[in-house]
Amino acid sequence: MARGFRLSTELVGGVLLGAALGWLLDRWLGSSPWGLIVLVLLGFAGGVLNVMRTAGVMSSGGPKGPN
Amino acid sequence: MGDPIHQFEIKKFFTLGHLGPYEIAFTNSALFMLIAFAIVALLMLVPTRQRALVPGRLQSIAELSYEFIASTIRSSAGNEGMRFFPLVFSLFMFILVVNLLGLLPYAFTVTSHIIVTVALALLVFFTVVIYGFYKHGLRFLRLFVPSGIPIYILPLVTAIEVMSFLSRPISHSVRLFANMLAGHITLKVFAGFVTMLGGAGILGWFGAVLPLGLTVALTALELLVAVLQAYVFAILTCIYLNDALHPGH
Amino acid sequence: MATNAHTEAPGGAHKGPFPPFNAETFASQLVWLAIIFVALYLLAARVALPRVASILESRRDRIAGDLAEAQRLKTESDEALATYEKSLADARSRAQTLANQMREQQNAQAEAARKALEQSLNAKLAEAEKFITVTKAAAMGSVRGIAADTAGAIVARMIGSPPRAAAVEAAVDDVLKG
C-alpha cells in the first residue's frame, strides 16, 4: 500500500503541476484551453518519468534498508 | 471521541507578534518541533559526550543513525554527496522524530501540515537548483537534455524532463504529508469505532475486539510508515542532490 | 502552494477550514520551522556530526592500531617459536651424531677386541693342532714299534722262533694302513 501510494504521488504531482502551470499560462496569454491541455499532458508524462525513476531507485539503486 | 480531523487543529498558545499582516504565534506545532529538536539534540549530544571507544546503547543509536545516513548518501549521490550530509541528516532526523512523536496519544503531528512538508521540499529543491547552477553554471541545464535523443523529439523530451524536475517538490512534499494525514485519520477512525462499540453494552464489547485488533495493527503499520516516510524523504533528497552534483547523468 | 488557498475559502460549512489547509497558521508554522530547522542544521553540522565522526574515526584508528600491534606480537612469537624449534632440531641432530660416533667407536673397539681374541685363539688352536700332530706321529711311531714287538713276540711264542724283523714290520705297516 505504502509503495503504491508513494508512486502515485509522483504521477499526481506531475499532473497537478501541469494543470497549475497551464492555467497560469492561459491566464497570461489568453490561450485557454490549449495551455492547460498541453501542460497537463506534459505534466502527466513528467509524472510517469518520475514514477519510473523512483520505482527504479526504490527497487534497485537505493541502499539496503526498509522498503 | 469525535472528529478525526480534530487532531490536526493548530492550537495557539500565545501570540508573539505580527510579521506584516501575519500573526506569529507559539502553537502546538511549534511546541512539537521544539520537542523534536530537543530529542535530536539530546540523542546526538549527551550520549556522545564521553566519546566512549566502546559505545553505550544511546551512543550506538547516535552512531548508527550517522552511519545509516552516511551510507544512504554515499550509495545514491556518491562521496561528493557528503557535503550535504548535515542537510540530509537534519531532514531525516527531524522528520523521523516528528513523525514518531505524532503517534503518541494526544500528540500533534507536525508533518501532517502541508505547509511544513512543502517548506522542506522546497528547501531541497532550491538547494539543488542553486548548488547546481553554482557548481556547473549553465551546464546544469544539460540535466534536461538527455544525450542520444534524436533532434526532432528533443524539445518534447526536454519539456517532459523540465516538468518532471519541477513536479518533484510537489510529490516530495505531498507524499509525506498525505501519508501522515491519511494514516492518522484512519487510526483515529478505527480507535473511534472501538470506543463507540465499547460504549454500546456487552454485545458492543465483542464487536469492539475486531476494530481494537485493527487499531493495534494499524499503529504498528503507522510506526513503520513514520520511519519509512522519513527514509523516503531522505533518499529522494539524496537522489535530487545527485542531479545537482552530476547533472550529466 | 497556490492551490491550497482555494480549499480554505469555503470552509465555513462546519468549523473553519480543514486545519492542514488553513492559511492563517502558515506564517507561524513557517517561522518556527525555519528557526528550529536552522538550529537543528547548525547543531548537526557544527557539533553533533563532527563529534560522532571523530568518535568513529578514533575507534577505527584504535582498531587498526590494535590489529597492527597484534600482528607485530604474532610475528614476534612466530619468530621465537621458529628459533626455539631450530635450536631443538640442532640439539637433536647433535645428539644423533654424538650417538652415532659413540656407537661406531664402540663397534670398532669391540671388533678389535674380537679380532685379537680370535687371533690368539687361532694361534692357540694351531699350536694345539701342531702338538697333537707331533704327539700323534710320536704315538704312531711308538704304536708301530710296540705292535711290531708284540707281533714278533706273539709270532715267536706261536712258532717258537723269532721272525724276521723286516717281515714283522711290513706286516704291521700293512695292518696300520688297512
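**From a loop residue to the core and its rings**

B:Tyr106 is placed in the loop between α3 (85-103) and α4 (114-136) of chain B. In this predicted model, its phi is near 65°, a positive value in a residue other than glycine. Because its relative accessibility is 86% and the cut-off for exposed is over 50%, B:Tyr106 counts as exposed.

The largest nonpolar core has 75 residues, of which B:Phe94 and B:Leu120 touch the most other members. Two or more residues each are given to this core by α1 (28-45), α2 (57-77), α3, α4, α5 (154-198) and α6 (201-245) of chain B, together with α2 (26-159) of chain C. The largest share, 15 residues, comes from α6(B). Leaving aside residues up to four places away in sequence, B:Leu120 touches B:Leu91, B:Phe94, B:Ile95, B:Phe233, C:Leu33 and C:Phe37. Another core, of seven residues, lies apart from the largest one and includes A:Leu17, B:Ile160, B:Met163 and B:Ile170.

Over all chains, the structure holds 15 aromatic pairs. In one of them, the ring centres of B:Phe68 and B:Phe92 are 5.8 Å apart and the planes stand at 55°, so the pair is tilted. B:Phe68 belongs to helix α2 of chain B and B:Phe92 to helix α3 of chain B, so the pair ties together parts that are 24 residues apart in sequence. B:Phe68 counts as partly exposed at 25% relative accessibility, whereas B:Phe92, at 5%, counts as buried.

B:Phe84 and B:Tyr131 form an edge-to-face pair, with 5.0 Å centre to centre and 85° between the planes. Both residues are buried.

How values were computed
Residues are numbered from 1 along each chain as its sequence is written. Chains are lettered from A and ligands numbered from 1 in the order in which they are written. This is a predicted model: local features need pLDDT of at least 70, side-chain atom pairs count only at pLDDT 80 or more; totals for chains, interfaces and linings use all residues. Side-chain values use heavy atoms; hydrogens and water are left out. Helices (H or I, at least four residues) and strands (E, at least two) are DSSP runs, numbered from the N terminus. Buried means under 20% relative accessible area, exposed over 50%, partly exposed in between (1.4 Å probe, protein chains only). A nonpolar core is a set of buried Ala, Val, Leu, Ile, Met, Phe, Trp, Tyr and Cys residues joined through side-chain atoms within 4.5 Å. Contact means heavy atoms within 4.5 Å. Rings of Phe, Tyr and Trp (its six-membered ring) pair if their centres lie within 6.5 Å; planes under 30 degrees apart count as stacked, over 60 as edge-to-face and the rest as tilted.
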